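The sequence and structure are shown first, and the account follows.

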Amino acid sequence: MTEPQILDVITLGRASVDLYGQQIGCRLEDTASFAKAVGGCPANIAIGTARLGLRSALITRVGAEPMGRFIQEQLQREGVSTRGIVTDPARLTALVLLGVQDEHQFPLIFYRDNCADMALCEADIDPTFIASAGALVITGTHLSTETVRAATSKALRAAKASGRKLVFDIDYRPNLWGLAGHGAGDARYIASQRVTQQVQPILPDCDLIVGTEEEFRIAGGHEEVGAALRAVRALTAATLVLKRGPMGCVVFPGAIPDDLDQGIRGAGFPIEVYNVLGAGDAFMSGFLRGWLKGEPLETCCTYANACGAFAVSRLLCSPEIPTWPELQFFLQEGSPQRALRKDAALNHLHWATTRRPQPETLMALAIDHRAQFEELADRLGVPRTRIEPFKRLAVAAAAQVAAGRTGFGMLLDGTYGRTALFDAAAQGFWIGRPVEKPGSRPLTFEVGGDLGSHLIEWPVDQVVKCLCFYHPDDPEDLKAQQEERLLALRDASRRVGREFLVEIIAGKHGPLHDDTVARVMDRLYDLDIKPDWWKLEPQVSAQAWARIDATIRTRDPLCRGVVLLGLEAPEEELLAAFEVAAASPLVRGFAVGRTIFAAAAEAWLSGTIDDAAAIADMAQRFARLTEAWQANLARKAAA
């Protein structure tokens, strides 16, 4: 009996952590810092196909250590099934160091000596799991040694027995076959009869074979590309896809013509080449999106060429593969840039459709206050060193309310909340962290110099929060100064891959009308400032929230939404503001501070209550707000 198909594609083989040099135009010897990403052809294809809307999975091994866990967690974030991944207790996850020296040299070093994925064995292959997918993708590296070749052969037999499609990405890396030294990881072709003899026996079972000219030369055992393709065709009826770099690709579903340009082709996309590494995996992801959905081969080629263009125009491998909305936008709208990484619209779409998942509702205790705590400590005559332990109590109070549930968070600073930040991270909280100098108007950053150089030290899941006192009727020179700082915030946050939240308080410097805050947001959107989150003061009416909703939906429908701030309002006023805001579908929750912690802070710093009493007081106040917010959501859902 044939197993039900619950996946579109399973890939099998390499899974590594790629460490990409962030300095462009230098040798690896001179590289100073690296960006980390999931790598390895099969892992990249699993991620790429998932981004393009296919249900994908990966079969591999990873080490029982942080790099192995990173691969599994990132695959899960990407929507890739990890059921087929085995954790190897004895071996380390493979690492790859890569760089961009110039437009022709892309040095890389494979750290794969006895690595986890090369220990994949027949026992790791579950035929039932293989049968659950419409197609199996294998790659050439996992034919290079007896153990992984046996595992690959078992997977092929299982796919064939269940009537699934077989896809072969030749993925020839001479270095991984022991044909080049450790320093020759970028070698693309070395003729080898041994490699040809290991590759050819699997060709008859394949439905689709994809490779570069060099890869078909190794598969066919001939130096001339046409002869190599005809040798492959003599062994298999598979559709053959020849990748030709900037020339795109050509597909041969049948006989190989004398003129290779007579094969089936799709649209090409001339772009600036930034880094060729990973382009083939993006290409395969795009081709599979079309092929497994039954699209014409011309369309498959177009998808593949476009995905490859994205990859070569950006730095990393899997992180740069486009999502389905991004690909569709590009095919429909094109780009004014040959260097796609410089296209602001594509960059925003890519960022917003690949960022880490976040809860739909956010209930946060905001205790990132610095100036207010300093004033309180000075007034009470206690040392400012007492502020930090109090913030840790606030985290304990929030944790008590959250009780392990999702959707809870904290706003915390690094000035007096350094250890509290560690506590909050251990709780799995959403964390926002301020960068503004408290009370500054015009906006000034708390850190001197370049903001991005400071943000690089922050954990990747911390959100950059910036409060700006901005009224649409402010003087033009003041608005210009504030906008310049917000543009710097945007650039720094995106450069280092951090989400950012813009908090706008308009009511302290002018009247609040139904359109006041929406006018501010429209102005910032005009400047192409698109925060992941907005944090806004309570509005005067439901009409004001409706204007804000319309602005976000029109200007950035991928925005995560709005959280409501408190402004030290009495609890009763906040509850009323909650009811007004709850009518807005884009208000995701709240981030309230002094309404929750002010009384406890005064009493604890003055020594009239102990730790337990302070935690209990803040927990009670926070709990009442979360219960009120959840009740509003429940009423809205029932309406």
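## Strand pairing and packing

In this predicted model, strands S2 (residues 16–21) and S6 run parallel and are joined by five bridges. One of the residue pairs here is Tyr 20 with Leu 98, the latter being its bridge partner in S6. On S7 (residues 108–111), S6 has an antiparallel partner, with four bridges between them; Val 96 has Phe 110 of S7 as its bridge partner. Strand S6 (residues 94–98) is largely enclosed by the rest of the structure, because four of its five residues are buried.

Strand S13 (residues 362–366) is mostly covered, with five of its five residues buried. Leu 362, Ala 364 and Ala 366 point one way from S13, while Met 363 and Leu 365 point the other way, and all are buried.

| Strand paired with S13 | Sense | Bridges | Bridge partners |
|---|---|---|---|
| S20 (residues 587–592) | parallel | four | Leu 365 and Val 592 |
| S14 (residues 408–411) | parallel | four | Ala 366 and Leu 411 |

## Nonpolar cores

Which residues touch the most other members of the largest nonpolar core? In this core of 81 residues they are Phe 390, Met 410, Phe 429, Leu 489, Trp 534 and Met 618. Helix H13 (residues 387–402) gives the most to this core, contributing ten residues. Met 410 is in contact with Ala 364, Leu 365, Ile 367, Ala 394, Val 395, Ala 398, Ala 424, Phe 429, Trp 430, Ile 431 and Gly 432, leaving aside its neighbours within four places in sequence. A second, separate core holds 46 residues, including Ile 125, Tyr 172, Ile 202 and Phe 252. In soluble globular proteins, nonpolar side chains tend to be buried together.

## Helix H21

Helix H21 (residues 611–638) has 28 residues and reaches 40 Å from its first C-alpha to its last, close to the 40 Å expected at 1.5 Å a residue. At its start, a side-chain oxygen of Asp 610 comes to within 3.3 Å of the backbone nitrogen of Ala 612.

The buried residues of H21 are Ala 614, Ile 615, Met 618, Ala 619, Phe 622, Ala 623, Leu 625, Thr 626, Trp 629 and Asn 632. An α-helix has 3.6 residues a turn, so residues three or four places apart point the same way. The elements against which the buried residues of H21 pack are S13, H13, S14, helix H19 (571–581), S20 and helix H20 (594–605). Met 618, buried in H21, is also among the residues with the most contacts to other members of the largest core.

## Helix H1 and the cysteines

Helix H1 (residues 41–51) is largely enclosed by the rest of the structure, because eleven of its eleven residues are buried. Among them are Cys 41, Pro 42, Asn 44, Thr 49 and Arg 51. H1 is followed by Gly 53, whose phi is positive, near 95°.

How many disulfides does the model contain? The count comes to zero. Cys 41 is in no disulfide, and the nearest cysteine sulfur, that of Cys 317, is 9.9 Å away. Cys 317 is likewise in no disulfide, its nearest cysteine sulfur being that of Cys 41 at 9.9 Å. A disulfide requires the two sulfur atoms to lie within 2.5 Å. Cys 41 is buried, with a relative accessible area of 2%, and Cys 317 counts as buried at 6% relative accessibility.

His 471 lies in the loop between strand S16 (462–469) and helix H16 (476–495). Is this residue buried or exposed? His 471 is buried, because its relative accessible area is 2%. Its side chain reaches the backbone oxygen of Pro 511 at 2.9 Å. Leaving aside neighbours within four places in sequence, His 471 is in contact with Arg 441, Lys 479, Ala 506, His 509, Gly 510, Pro 511, Thr 516 and Val 520.

Thr 152 is found in helix H4 (residues 146–161) and is buried, with a relative accessible area of 0%. Not counting residues up to four places away in sequence, Thr 152 touches Leu 12, Ile 138, His 142 and Leu 143.

Notes:
Residues numbered from 1 in each chain as written. Predicted model: local features only at pLDDT ≥ 70, side-chain atom pairs only at ≥ 80, totals over all residues. Heavy atoms only, no water. Buried < 20%, exposed > 50% of the residue type's maximum accessible area, 1.4 Å probe, protein only. Helix = DSSP H or I, 4+ residues; strand = E, 2+ residues; numbered from the N terminus. Pairing = 2+ DSSP bridges. Core = buried A, V, L, I, M, F, W, Y, C linked by side-chain atoms within 4.5 Å. Contact = heavy atoms within 4.5 Å. Polar contact = N/O pair within 3.5 Å; in protein donor to acceptor, adjacent residues only side chain to side chain. Expected span 1.5 Å × (residues − 1).
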